[in-house]
Amino acid sequence: MSEKKMTSIGGQAVLEGVMMRGPHKMAIAVRKPDGEIVMDEKEVKKHPIVGKLPLVRGVFSFFSSLIIGVQAITFSAKFFGEEDASQKADNVEESKKKDNKKSKETKDGELPMWAIIVSVVAALALSIGLFVVLPNFLSNVIVEDKANNVVGYNIFESMLKISIFIAYLAGVSELNDMKRVFEYHGAEHKTIFCYENGEELTVENVKKYSRFHPRCGTSFLLFVVIISIIVHMFLGVYENGWINMGLRLLCLPLIAGISYEIIKFAGRSKSKCVTWLNAPGKWLQRFTTREPDDKQIEVAIASLKAVIPENSEDDKW
C-alpha cells in the first residue's frame with residue numbers, strides 16, 4: 001500500500017466506458033459488445049499561465065472539460081454502430097472484417113473540431129436555458145413589483161433553480177440508457193477513491209469504496225447553482241425583465257470561476273465545515289451514480305491506470 005493522497009485525476013462516464021483525465025494524459029476505456037476493452041489515449045496540454053490564474057482557470061477548465069467530454073462520448077458511441085453491423089453480417093468472417101475496418105478508421109471517424117464546438121455550444125445553450133433563462137423568465141412574469149420586492153424575487157428565483165435542477169437529475173436518472181452510464185460513473189468514483197487511498201487497483205479493492213466523491217461534476221453543478229443565487233442577490237432587481245436576464249448571463253463566467261475555486265478548496269480541506277459543504281453534492285450523486293458490477297470496475301481501472309503519472313507528485317490535488 002502506497003501513501004494516501006488526494007489526486008487531481010478526474011473522469012467522466014460514457015457509453016459503456018469511462019474517461020479519465022490526468023495531469024499529462026487523457027484515456028477513454030470502452031467495453032465493446034464482444035467483451036473486449038478498447039482504449040484511446042491522448043496527451044493533455046495545459047496552458048502555462050491560464051492554469052494558474054484564480055477564477056480564470058475555472059472558466060478555462062469548464063470549457064476544456066466540455067470539449068473532452070464530447071470527444072469521449074463520440075469515441076464510445078462508435079462501437080455500438082459496430083454491434084449493429086455485426087448482427088447484419090452474413091457470417092462470422094465478414095463480421096470480423098468489418099470490425100477490423102472499423103478499428104483502422106477510429107481516428108478518421110472522430111468528430112471534426114467544428115462539430116465538437118457546435119455540440120458544446122448546443123449543450124451550453126440547453127443548460128443556460130433550463131437553469132438560468134427559464135427560472136428568471138418565470139420570476140419576471142410571476143413576481144409583481146419586482147424593484148420593490150428584491151428579497152421575494154430572489155427567493156422565488158432561487159427556489160425555482162434548485163427545484164428544476166433536482167427534478168432534472170431525478171428524471172434523467174430514471175432513463176434506462178442512463179442507468180448504465182451512471183453505473184460507470186459509480187465505477188469511476190470508487191476507482192479514484194481506491195487510488196487515493198494507496199491501494200492496488202484491483203476489482204476487489206475498488207469495490208470497498210464509496211461511489212460518492214466530493215470532487216464530482218454533480219457537486220460542481222450544485223455549487224454553480226448556489227453561487228449563482230448568492231451573486232444574483234447583489235445584482236439588484238429591475239422592472240425590465242430583459243435587464244435582469246442580461247445581468248445574469250453576463251455573470252456566468254464569474255460564477256463558474258468562483259465555483260471552481262470553492263470545489264478545489266473543498267477537495268483539499270478535511271474540516272467539518274467543508275464536510276457539511278460537500279454533503280448536498282454527495283447526496284445528489286444518489287441520482288447520478290449507481291453501484292457498478294465487476295466488469296464496469298475493470299473498465300474504470302484500465303482508464304485510470306493509463307493516466308497515472310510516473311512522478312507521484314504530478315497529480316496531487
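Student: Why does Phe131 count as buried?
Tutor: This is a predicted model. Phe131 has 18% relative accessibility. Buried means under 20%, so Phe131 counts as buried.

Student: What makes Tyr168 partly exposed?
Tutor: Tyr168 is at 40% relative accessibility. Buried needs under 20%, exposed over 50%. Tyr168 therefore counts as partly exposed.

Student: Why is the pair of Phe131 and Phe165 called edge-to-face?
Tutor: The ring centres of Phe131 and Phe165 are 5.8 Å apart, with 75° between the planes. Pairing needs centres within 6.5 Å, and edge-to-face needs planes over 60 degrees apart. Phe131 lies in helix H3 (residues 113-142) and Phe165 in helix H4, 34 residues apart. Both Phe131 and Phe165 are buried.

Student: What makes Phe131 and Tyr168 an edge-to-face pair?
Tutor: Their values are 5.6 Å centre to centre and 85° between the planes. The cut-offs are within 6.5 Å and over 60 degrees.

Student: Why is H4 called roughly antiparallel to H7?
Tutor: H4 (residues 150-173) and H7 (residues 217-233) pack at about 170°, their axes 10 Å apart. Angles over 145 count as roughly antiparallel, so H4 is roughly antiparallel to H7. Phe165 of H4 is one of the residues making the contact. By class, the contact has eight nonpolar, five polar and two charged residues.

Student: How do you know that the span of H4 agrees with its 24 residues?
Tutor: At 1.5 Å a residue, H4 should span 34 Å. Its end C-alpha atoms are 35 Å apart, which agrees.

Notes. Residues are numbered from 1 along each chain as its sequence is written. This is a predicted model: local features need pLDDT of at least 70, side-chain atom pairs count only at pLDDT 80 or more; totals for chains, interfaces and linings use all residues. Side-chain values use heavy atoms; hydrogens and water are left out. Axes are lines fitted to C-alpha atoms, for helices over the stretch in contact, and angles run from 0 to 180 degrees between N-to-C directions. Helices (H or I, at least four residues) and strands (E, at least two) are DSSP runs, numbered from the N terminus. Angles under 35 degrees count as roughly parallel, over 145 as roughly antiparallel, 65 to 115 as roughly perpendicular and the rest as oblique. Contact means heavy atoms within 4.5 Å. Ala, Val, Leu, Ile, Met, Phe, Trp, Tyr, Cys and Pro count as nonpolar, Asp, Glu, Lys and Arg as charged, and the others, Gly among them, as polar. The expected span of a helix is 1.5 Å times one less than its number of residues. Rings of Phe, Tyr and Trp (its six-membered ring) pair if their centres lie within 6.5 Å; planes under 30 degrees apart count as stacked, over 60 as edge-to-face and the rest as tilted. Buried means under 20% relative accessible area, exposed over 50%, partly exposed in between (1.4 Å probe, protein chains only).
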